[in-house]
Every structure is written in structure tokens, then in C-alpha cells.
Amino acid sequence: MNFFITLSAFLIFSISSIAQTANVRGFVNDQDTGEPILFCNVVIEGKTIGASTDVNGFFNITDVPIGNQNILITYIGYDTLRTSITLKKNQILTRKLELKQSAIKINNVTISADKQEQKTEVKVSVTKITPKDIKLIPTIGGEPDLAQYLQVLPGVVFTGDQGGQLYIRGGSAIQNKVLLDGMIVYNPFHSIGLFSVFDTDIIRTADIYTGGFGAQYGGRISSIMDIKTRDGNKKRYGGRFSATSFGSKILFEGPLIKKGGNASFVVSAKTSYLDKSSQLFYTYIDTAGLPYNFTDLYGKISVNGSNGSKWNVFGFNYVDNVSYRDVSSLGWKSNGVGSNFVLVPEGSSALIEGNFAYSSYLIGIEEALSAPRSSGINGFNLGLNFTYFNGENELKYGLEVLGYQTDFDFTNASDLQISQKENSTELSGFVNYKLKGEKLIVEPGIRIYKYNSIAATFEPRLGAKFLASDRLRFKLAAGKYSQNLVSTNSDRDVVNLFYGFLSAPEDIPDEFLGKEISNGLQKANHLIVGMEYDFSDNIDFNLEGYVKEFSQLTNINKDKISINDPDFIVEKGLAQGVDLVLKYSNPKFYFWTVYSLGYITRTDENQTYRPHFDRRHNVNLVATYKFGFDNSWSFDARWNFGTGFPFTQTQGFYPLLDFDDGINTTYNEETGELGIIYADLNEGRLPYYHRLDVALKKEYQLSKNSTFNWNVGITNAYNRENIFYFNRIEYKRVNQLPFMPSAGISLTF
């Protein structure tokens, strides 16, 4: 800790002392709402210097000539802003600026956040998502949701509509880290896989890193989901209400201190009543209704300073329940409270960001044929980051501290108990530097981790992009990654709604494949290469090849049959594949083609096998067509095709005797239960999966700030019977969701 404090002080002193030119920095916000405007262009008029705003609306321009200058700010849909400034030598000038929405609609240009960053950032294996993006795909259940959008991203495999999890480029669900304004969210998806815990209307951006992420992120070995929420409207009170055949939600926002517009709030609540409404609308699926319900609550208060510095405090409470008749009953709840800030110190070229949060997650399940299980995790995370700008180059470094407790209790099929209650701490620091030349952008970095009593780990990271031409770019990312958390279920489980957490266990084998094991951390190495090509202003092409080497994986030992067997086993894995994305967009028509080819293996002491989420080919076609007066009508469609998942075949059956009477058991007369003889692990393949979802939407503009929308949609439009699981004992196939129409209305005010 002392090392990083000393380093921070040294860098602040060094950079401040050598600054010899004037700097201009500040924030750009929407005049009507006070919300930051992302990725708008800020330039010094008549010069070749400028910058784009980030997710906070922040910009920083260095090496600005002293004297009288004009700042010029442009963004599609807003009036151009020109403001005069006077600069002195070595001055650091901070401005808080506002853009006014244009009265003239511009329909011939479409600019995405991704496109703005392609030539200035490395951004390998990352997709930037905004609420506008989420609303481009069919609104299943009548309400757009991040979970539905994530399923169409390159490299993402989704295992089912019911109880499905996201597997990203060969990593399991436990290896995906989800951040909400810096707070760790342990379970972001509800048991019915159509919905996340996040209200789309509170999201500002979501950066989804499917691999090769930089040194600023750590603690997971597969992917990062970094979600930023927007502030409440600082100028007026407003909100949104919606009701669908699946559920309903309400959002309310406005200024806390209306004069000056420096403080605001936003609150959101959404709930599902699918378990009740399905008894009326979807009786052909199950007369007792679909057994899913959830309630999500979120609130945030934001306070802005006169120079653009900002402080937020927020909290959430998420509850999920599912009950399959005579099979299992599961419920989980997650809650948390946190705070973050962005600080722009006067007289310093630094941008300081920090966060502190506490969150908890508790899940329990009761099953008809096995003992109850429970798992919980709770703890805090604290982060502090510093960013310095030197022209287009950027130095970023920071600290992160985590402290949490895990509690797990489980009795397996052999009636042996596996339990853990442990306190853990993680201390990490990182340094990342972005160096931008005329044709080359390079981002080297390193992250240092200290887990409990485990020796410090050093994780180098590297990202690079070569601008071959104005349209063609090549990119690369590589790095080492580690994580302390382990899943309470095995990667070999086919269907498992129980999603819990463990700290890296000590009860693991001393050796694996002849090599000594020093700790229970999970570890991985990433290598990604790719290219981007702009066929035109409307057509983008992206191709990436990746390799993820999971050098050490820890799994719960499902085959433990005696107290001498370890609770956990060690494996290694390899994921490799290619992802292709082709996008076409104009104001009326949007088309997105995603193709993923993947090969995933796991290896234990005895065998190499394909995990159940090893989908060889995965295709997503997404289209949106807008028509009618002012493009107020919208027709959306999504078609997903995937080759079959691996499964273990049945070779035969036999009478399973329990010998309750010992040697007196009349085994020649008793029939016993039905025992199953299995083939080799995951040697078979399930049938192909494909599904078409469509939606039709209409918007009515009631006033300047009020709109009314209605929508109708169909999930699984041609009623494809996609398998969920197969009950071998009853010889009964259970399918995913069938043909399901839905409808909804919403009012924004």
C-alpha cells in the first residue's frame, strides 16, 4: 500500500512540475437533462488539436497555444457550441459546458460509440452498449433488456431460456466479473434467462470485454462487464411507466436542488408476474404457470460541482424466485450500497476517480431428491484511480482492495457434506500507459495481486492497434489473469439453477498432471488478434481470433465418495475460436450479422472432454427496420442458430440396490431403483438450436417530453422445439420456451 501511495505522490509532483503548456479540460452535458454527452468532438478552432468526451462527458486537450482561443463542440443531434477562452502559460483551464438539442433532426448520419473510439483506442474484444443499442433487438416480453442483447454478442454462448447462463469465449459464468458503477454484482441474471437485474433506462453505457482486457480490470479470468448508470434529470421531474404480459416497471427522476441543477435523483422498480400471468396467457405451456418471479429496486443520488466534479451514492435490492413443482424450489437475493466520485483537482492535470461499495448475495435451493444447499457471499470493494494526460497519451494507475466472506453448505449424492466458511482479502494495484503515434497505439500495463497468504502474482497486459489506413486497422491483446473465486457447481453440470461462490479452497490435490500445485487460484492466459475494416460509412467489419489457455481451474468434486477424497479437483482448459461481425446501419435500416466458431476442452487427471457449453457454431442475425411518419414505427427481428451442446449418452439401465439389510438383502428378489449406465463424458451432441423472435413497435409523441409506446412481440415465432433437458428416468424430454406472444405499453413523461 505504501508503495502505491508514494508512487502517486511522485507522479503528481513530477508531472505537475514539468507542465509547460496550457491545458483545457472540462465536461460536456445535455442542456435539457444535465446528463453527460458521450464521445462528442471538442476541438480548438483553427487548430489540429482536440479530444472526444468519455463516459463521464470529460475531455482533456493538452498543448494548447496560449492567448485567445475558441472551443468548438459538435455532436450529431445538437447545435454546435462555440465559446471563447483566454489561456496563460502553464494554465490548466476547466470548463463545464452544455449543448442544446437541435431543433432540426439530422437523418442522414449515424454515429455509434464504437465508431468514435475505433481510431483512438485499442479496444480489442470489447463491445460498447447503450440503451439505444439494446432497443434495436426484439423486446421479448415487451421490455428491452441487457440480458437479451448480450446473447447476440460475438463469442457469447447462452445455454437456455430457463436457468441459462452466459459463457464467454470458453469461460464459465463464475469467470465473468460484473461491475455496476464500480460495485461488484454477483448474479446479474434472473432464473428466466430473458431478463437481467438492470433496468435498461438507468444504463448509460455497458462495456463488455470478452477477453484481453487491460490492467485496470482484474479478479476474473474470462470477461468483464463494466456497467455505468446515468444520473437523474437535473433540470425537471420525469419518468417512465411500462406494463407487459411478463411484468411491469416504473422509473422516476428529477432535481433535488432545482436551482442550479447540481443535484438529482433517479429511482427504478421492476417486477415480474409471469408466474401469475402465464396461467392466463400461456396455459398451453403449463396450466400451473411458468414458475418465475422477481423484483428489482434501484436508486441513485448525484451531486455535481461547479467545475464538473461529481459524487454519487446508490443502492439496489434484487430478489429472484423459481419453483418447479415436485422438483425444486430456489430463491436468491442480492443487495448493496455504494458511492463513487470523479474529481478534477484545480491546478493539476490529474483526473481522480474512486469508489467504495458493499454488496451481498445469498442463494438457497431445496430439491425433492437431495439435501438443501445454500451459498452466500458478502463484502466490500474499494478503488482509487488516477489518470494523467499528455497530448493523446495517457497514464492511468490505481489501487483496489476487496474483503469478503463466503459461506457454503452442500451434501452430495453420497451423503457426504462439503462446506466452507471463509474470510478473504484481495489487494491489487495496476499501471497502464497508452502511447498513441501517427499509425500505432500501444497500451502496456501490469496488475499486481495479493490474495490472502498467497504470494503476490504479477499479471502483464498488452494491447496494440495499427492504423494501416483510414479504413483498415489491425489489433492485438494479450495478458495473464487470475481469480480467487470458485463456483459451487461444476462445469460438468448440464442444468443447474444454483449459482453460488467459494473462496479458492485449500483442500485440493498437491499435484496435477505431475506438476506441483501451490494454491487454489484459477489462472488463464489470453491472446487475441484481429482486424477492423470499414467498407463504407454504413458498413463495418470486425474479425478476431482468440486463444484462452486456462492453466488452472478448480471444480467441486461431484464424484467424492469417501471422506478421504478431496472436496475439489483441478483441471486445465483450452478455448480457441474466431468471431466475425458485419454491421450495416442507416437511419431506417440496421442489420447485424454475428458468427462465432469455437472449440473448448477441459482436461482432468484422467480424461479430456468437451464441457456442456462447447457450442461449435453460433450465428445471430439481427435486423431493425424503421418506417412511417418520422420513423415512428419499428419492426425488429432476431434469428439465432447454434449447433448442439455436448451431452453424456445413456448406454443402459440396471436395478440399483441399496442393500439396506446388509448381507440379509434378498438381491435376487428386490428390483431396486433404476440405475443408469453412462457412456463417456459428453461424447454425444444434442440437436441444433434455432429460434426466431420478432417485435413491432409504435411511438406517439404526445409533447416535447412525453411519448407513448406500444409493442407486440413473439418469442420463438415458428415454435421450434429446442431441448432444455432430458429426464432419463421418466424418459421425458423437456423443451425450452415455445411460441410465446407478448404485448406491452409504456409512457415516458
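Phe341 has a relative accessibility of 30%, so Phe341 counts as partly exposed. The cut-offs behind that label are simple: buried means under 20%, exposed means over 50%, and partly exposed lies in between. This is a predicted model, and the tour starts from this one residue.

Phe341 sits in strand β20. That strand covers residues 328-343. Phe341 also belongs to a nonpolar patch on the surface. Which strands each supply at least two residues of the patch? They are β16, β18 and β20. Strand β16 spans 247-257, and β18 spans 292-304.

Now stay in β20 and move to another residue. Leu330 is found in this strand too. Is Leu330 buried or exposed? Its relative accessible area is 3%, so Leu330 is buried, given that the cut-off is under 20%. What does Leu330 touch, leaving aside residues up to four places away in sequence? Its contacts are Ser191, Asp320, Asn321, Val322, Ile363, Gly364, Ile365, Leu497 and Phe498. One of these, Asp320, is 10 residues from Leu330 in sequence. In space, the two C-alpha atoms are 8.3 Å apart.

Next, turn to strand β1, residues 22-30. This strand is mostly covered, with nine of its nine residues buried. In a regular strand, side chains alternate between the two faces of the sheet. In β1, both faces are covered. On one side, Ala22, Val24, Gly26, Val28 and Asp30 are buried.

What lies alongside β1 in its sheet? Three strands form an open sheet in the order β4-β1-β7, and the pairing is mixed. Strands β4 and β7 stand at the edges with a single partner strand each, so one side of each has no neighbour in the sheet. Neighbouring strands here are turned by 20 degrees against each other on average, direction ignored.

Strand β4, residues 58-64, pairs with β1 in the antiparallel sense over five bridges. There, Ala22 has Val64 as its bridge partner. Strand β7, residues 92-99, runs parallel to β1, and eight bridges join the two. On this side, Asp30 stands opposite Leu99.

Strand β5, residues 67-74, runs antiparallel to β6, and seven bridges join them. Leu72 stands opposite Arg82 in β6.

Definitions and conventions. Residues are numbered from 1 along each chain as its sequence is written. This is a predicted model: local features need pLDDT of at least 70, side-chain atom pairs count only at pLDDT 80 or more; totals for chains, interfaces and linings use all residues. Side-chain values use heavy atoms; hydrogens and water are left out. Buried means under 20% relative accessible area, exposed over 50%, partly exposed in between (1.4 Å probe, protein chains only). Helices (H or I, at least four residues) and strands (E, at least two) are DSSP runs, numbered from the N terminus. Two strands pair if DSSP finds at least two bridges between them. Contact means heavy atoms within 4.5 Å. Axes are lines fitted to C-alpha atoms, for helices over the stretch in contact, and angles run from 0 to 180 degrees between N-to-C directions. Patches are made of residues with over 30% relative accessible area and no salt bridge: like charges are joined within 9 Å, nonpolar side chains (Val, Leu, Ile, Met, Phe, Trp, Tyr) within 5 Å. Accessible areas come from the Shrake-Rupley method with a 1.4 Å probe; for residues, only the protein chains shown count as cover. A salt bridge is a side-chain nitrogen of Lys or Arg within 4 Å of a carboxyl oxygen of Asp or Glu.
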